[in-house]
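Hello,

Here is the structure I promised to pass on. My notes follow below it.

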Amino acid sequence: MVMLAGVAIGAIAVQGLHAQGAKPKAYVISENEILDASAQAAYLPTARKLIADAHGRALRTAAGRVVQIEGGAPPKSAALTEWDSVDDAVAFYKSKAWADLAPQRDKAVKVVRRYAVEVEK
């Protein structure tokens, strides 16, 4: 019984140490204008697969409604993607795979602004 308690305490300590060293998650917000809805419909599955292959999680907001609550006018379209860290997000958006998708993306949407926001630990 004492040994089992010791194993449990050790496991909790290791998990706590691991959590302290973990990088905070990040979210990338892409403010877009849809240029061609049919081109966007063709582009989104490919973009989402590339994101998933890079361990990002597209929150499927690209075609969703954006509603102004406070401040200036909202973007016409916003895409949100969750990443394990800002470094992972930046690496993906600077990757060859993402650059290779540019011709298809440029037919579908105009990126007004894209930025990453790190989640507070």
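Lys-49 and Asp-53 both sit in helix α2, four residues apart, or about one turn of the helix. (Helices, H or I with at least four residues, and strands, E with at least two, are DSSP runs numbered from the N terminus.) The two residues form a salt bridge, with their closest N and O atoms 2.8 Å apart. A salt bridge here is a side-chain nitrogen of Lys or Arg within 4 Å of a carboxyl oxygen of Asp or Glu. Lys-49 counts as exposed, at 51% relative accessibility. Asp-53 counts as partly exposed, at 48%. The classes are: buried under 20% relative accessible area, exposed over 50%, partly exposed in between (1.4 Å probe, protein chains only).

Before you go further, the ground rules. This is a predicted model, in which local features need pLDDT of at least 70, side-chain atom pairs count only at pLDDT 80 or more, and totals for chains, interfaces and linings use all residues. Residues are numbered from 1 along each chain as its sequence is written, and side-chain values use heavy atoms, with hydrogens and water left out.

Confidence

pLDDT is the predictor's confidence in each residue, from 0 to 100. The chain has a mean of 87, and 83% of its residues reach 70 or more. Contact means heavy atoms within 4.5 Å. Where pLDDT is low, the predicted coordinates should not be read in detail.

Layout

The protein chain holds five helices and four strands. From the N terminus, the order is α-β-α-β-β-α-α-α-β. Of the 121 residues, 26% count as buried. Among contacts with a separation of 6 or more, 77% come from residues 24 or more positions apart.

Helix α2

After α2 comes His-55, with a positive phi near 70°.

The buried residues of α2 are Ala-39, Gln-40, Tyr-43, Leu-44, Ala-47 and Ile-51. Gln-40 is buried, with a relative accessible area of 7%. Leaving out residues up to four places away in sequence, Gln-40 touches Ile-34, Ala-62, Ala-108 and Val-109.

Core

The largest nonpolar core has 16 residues, and Tyr-43, Trp-83, Phe-92, Tyr-93 and Trp-98 touch the most other members. The elements giving two or more residues to this core are α2, β3 and α3. The largest share, five residues, comes from α2. Such a core is a set of buried Ala, Val, Leu, Ile, Met, Phe, Trp, Tyr and Cys residues joined through side-chain atoms within 4.5 Å. Beyond its neighbours within four places in sequence, Trp-83 is in contact with residues including Ile-51, His-55, Arg-57, Phe-92 and Tyr-93.

Salt bridges

How many salt bridges does a search of the whole structure find? The search finds seven. One of them joins Arg-113 and Glu-31, with the closest N and O atoms 2.9 Å apart. Arg-113 lies in strand β4 (residues 109–118) and Glu-31 in strand β1 (residues 26–34), so the pair ties together parts that are 82 residues apart in sequence. Glu-31 is buried, at 10% relative accessible area. Arg-113 is partly exposed, at 48%.

Asp-84 and Arg-57 also form a salt bridge, again with the closest N and O atoms 2.9 Å apart. This pair links distant parts of the chain: Asp-84 is in the loop between β3 (77–83) and α3 (86–93), Arg-57 in strand β2 (residues 57–58), 27 residues apart. Asp-84 is partly exposed, at 36%. Arg-57 is partly exposed too, at 30%. Salt bridges that share partners join Lys-25, Arg-57, Glu-82 and Asp-84 into one network.

Best wishes
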